[in-house]
Amino acid sequence: MLQIQLAAAVQPPQEVDYQPNGAVTLDGQPFVWDLTALGDGRYHVLYNNRSYNAEVLEIDYTSKTVVLKMNGQRLEFQAKDRLDLLLDKMGLSAAVSTKVNELKAPMPGLIVDVRVQPGQTVQKGDPLLVLEAMKMENILKAPGEGVVAAIKVGLRDNVTKGQVLIQFA
């Protein structure tokens, strides 16, 4: 099960559950929609006889967040799996943020921009690299506060999933 929570853009926050069999529920109720991929991170959605245009603006695999533009409105989603939900329920979600010593590629792709240099201090969420994968640009952000020790890739390098991209001091 994957649960997605709609961030502060919608009050109260809504929960979307996605099951491996493809079933989707919104706040516990069946969610029936028609989704058509238009290419380059753009989609057309039909829901309740209304038409929506959606565009994926950003995906951050480290923080499990997705930013969409839906009919011109910016929406941010947070995805949580069973472990994330259990940790939240136990009040331990903040406790799992440990020091990360390296940034690894979340998927294979091409490095199209390097936004940091060795010795540079970064804060959690600062953009580090841009990885192009499946015709989409993904901004890889700092998983925590630290200092860039080494950049293990260069501009236009092809990388594999799990490859170390940046090491932190």
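**Figure 1. Overview of the predicted protein chain.** The model is predicted. Its secondary structure comes to one helix and 17 strands. Of the 169 residues, 30% count as buried. The accessible surface is about 10,600 Å², and carbon and sulfur atoms contribute 52% of that area. Among contacts with a separation of 6 or more, 42% join residues 24 or more positions apart. The average pLDDT is 83, and 87% of the residues score at least 70. Residues 1–11 fall below 50, although this stretch has 40 contacts in the model beyond near neighbours in sequence. Where pLDDT is low, predicted coordinates should not be read in detail.

**Figure 2. The open sheet S10-S17-S15-S12.** Four strands line up in this order, with antiparallel pairing. Strand S10 (102–104) and strand S12 (121–122) are the edges. Each has a single partner strand, so one side of each lacks a neighbour in the sheet. Strand S15 (residues 146–151) and strand S17 (residues 164–168) pair over three bridges, in the antiparallel sense.

**Figure 3. The open sheet S14-S13-S11-S16.** This sheet also holds four strands, and its pairing is antiparallel. S14 and strand S16 (158–159) are the edge strands, each pairing on one side only. Strand S11 (residues 109–114) runs antiparallel to S16, and two bridges join them. Gly109 has its bridge partner, Val159, in S16.

**Figure 4. The S5–S6 hairpin.** Strand S5 (residues 34–39) pairs with strand S6 (residues 42–47) over five bridges, in the antiparallel sense. Gly39 has Arg42 in S6 as its bridge partner. Two residues lie between the strands of this hairpin. Asp40, in the turn, has a positive phi of about 55°.

**Figure 5. The Glu58–Lys141 salt bridge.** The structure holds three salt bridges, and this view shows the pair of Glu58 and Lys141. Their closest N and O atoms are 2.4 Å apart. The pair links distant parts of the chain, 83 residues apart. Glu58 sits in strand S7 (residues 50–60), whereas Lys141 belongs to strand S14 (residues 136–141). Is Glu58 buried or exposed? Glu58 counts as buried because its relative accessibility is 15%, under the 20% cut-off.

**Figure 6. The Lys104–Glu102 salt bridge.** Lys104 forms a salt bridge with Glu102, with 3.7 Å between the closest N and O atoms. Lys104 is partly exposed, at a relative accessible area of 44%. Glu102 is partly exposed too, at 28%. Strand S10, an edge strand, spans 102–104.

**Figure 7. The Arg115–Asp113 salt bridge.** Arg115 forms a salt bridge with Asp113. The closest N and O atoms of the pair are 2.9 Å apart. Arg115 counts as partly exposed at 40% relative accessibility. Asp113 also counts as partly exposed, at 27%. Strand S11 covers residues 109–114. Side chains of opposite charge can pair when their charged atoms come close.

Methods:
Residues numbered from 1 in each chain as written. Predicted model: local features only at pLDDT ≥ 70, side-chain atom pairs only at ≥ 80, totals over all residues. Heavy atoms only, no water. Pairing = 2+ DSSP bridges. pLDDT = per-residue confidence, 0-100. Contact = heavy atoms within 4.5 Å. Salt bridge = Lys/Arg side-chain N within 4 Å of Asp/Glu carboxyl O. Buried < 20%, exposed > 50% of the residue type's maximum accessible area, 1.4 Å probe, protein only. Areas by Shrake-Rupley, 256 points an atom, 1.4 Å probe, with all protein chains shown as cover.
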